[in-house]
Amino acid sequence: MRSFIKFADRLSISMGKAFSWCIVILMGGTCYEVFMAYALNAPTLWNFDFSLQMYGAIFMMAGAYTLSTEAHVRGDVIYRLFSQKTQAYIDLVLYFIFFFPGVVALAFYGYEYAALAWKIKETSWNSPAQIQIYMAKSLIPLSGALLTIQGVSEVFRCIICIQTGNWPERDSADAEETEKLLMRTAQKGNTDDVI
């Protein structure tokens, strides 16, 4: 289980970091459009669709990265008061009730959606540029597959925590919120600086 967790975390983090470069591409496209529109008075037809595709790529491919680094939104007002073992039981149940049905549907139906787009060589209907969008739609099942792999990893984390009473260590995140740092300090028994 631990080797699969490491594999899934490395895959999710590497894909998240790779697709984060879409932000640079998006910024470059936006700067180009602003220059063309305001400096040369010659706006492009394709840049709006291009920006949507870059933003969509960032959004879709960041899901597994967000899950692997625990950066997702969680209403943990009561959750954090529970023991780690209880947290693991809650997470395990919720992954099977809410998470897996959604991401498996995303991967399965996203594949059909992307396959149809490739078959008809789908283009954008909302701009005169008619930019090709079937390649971008391929990210839908890919993101569903990555989320499924990371979800299995999170289930394995829950099982390990239930067995040992402690969450397994995660690979170091790029940045960590102060609240997470305080929670980890409190879980280790050092509550002097927490409250």
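This tour moves through the structure one selection at a time and states what is found at each stop.

**Before starting**

The model is predicted, so that local features need pLDDT of at least 70 and side-chain atom pairs count only at pLDDT 80 or more, while totals for chains, interfaces and linings use all residues. Residues are numbered from 1 along each chain as its sequence is written, and side-chain values use heavy atoms, with hydrogens and water left out.

**Stop 1: confidence**

Colour the chain by pLDDT, which is the predictor's confidence in each residue, from 0 to 100. The chain averages 88, and 92% of the residues score at least 70. Select helix H7 (residues 139-164), where confidence is highest, at a mean of 96. Then select helix H8 (residues 178-187), where confidence is lowest, at a mean of 71. Where pLDDT is low, the predicted coordinates should not be read in detail. Helices here are DSSP runs (H or I, at least four residues), numbered from the N terminus.

**Stop 2**

Select Ser12 in helix H1 (residues 2-19). Is Ser12 buried or exposed? Ser12 counts as buried because its relative accessibility is 2%; buried means under 20% relative accessible area, exposed over 50%, and partly exposed in between (1.4 Å probe, protein chains only). Contact means heavy atoms within 4.5 Å. Not counting residues up to four places away in sequence, Ser12 touches Ala64, Tyr65, Ser68 and Gln150.

Next select Gln150, which lies in helix H7. Gln150 is buried, at 0% relative accessibility. Its contacts, not counting residues up to four places away in sequence, are Ala8, Asp9, Ser12, Ala64, Leu67 and Ser68.

**Stop 3: Phe4 and Phe156**

The structure holds 10 aromatic pairs. Rings of Phe, Tyr and Trp (its six-membered ring) pair if their centres lie within 6.5 Å; planes under 30 degrees apart count as stacked, over 60 as edge-to-face and the rest as tilted. Select Phe4 and Phe156: their ring centres are 5.5 Å apart and their planes stand at 75 degrees, so the pair is edge-to-face. Because Phe4 lies in helix H1 and Phe156 in helix H7, the pair ties together parts that are 152 residues apart in sequence. Phe4 is partly exposed, at 26% relative accessibility, and Phe156 is also partly exposed, at 22%.

**Stop 4: aromatic residues of helix H5**

Select Tyr95 and Phe99. The ring centres of Tyr95 and Phe99 are 5.3 Å apart with planes at 90 degrees, so this pair is edge-to-face. Both residues lie in helix H5, 4 residues apart, about one turn of the helix. Tyr95 is buried at 10% relative accessibility, and Phe99 is buried at 18%.

**Stop 5: Val93**

Stay in helix H5 and select Val93. Val93 is partly exposed, with a relative accessible area of 45%.

**Stop 6: Tyr79**

Finally, select Tyr79, in the loop between helix H4 (63-68) and helix H5 (84-120). Tyr79 counts as buried, at 10% relative accessibility. Which residues does Tyr79 touch, not counting residues up to four places away in sequence? They are Arg74, Gln87, Ile90, Asp91 and Trp167. Tyr79 and Ile90 are 11 residues apart in sequence and 8.7 Å apart in space, C-alpha to C-alpha.

Key. Helix = DSSP H or I, 4+ residues; strand = E, 2+ residues; numbered from the N terminus.
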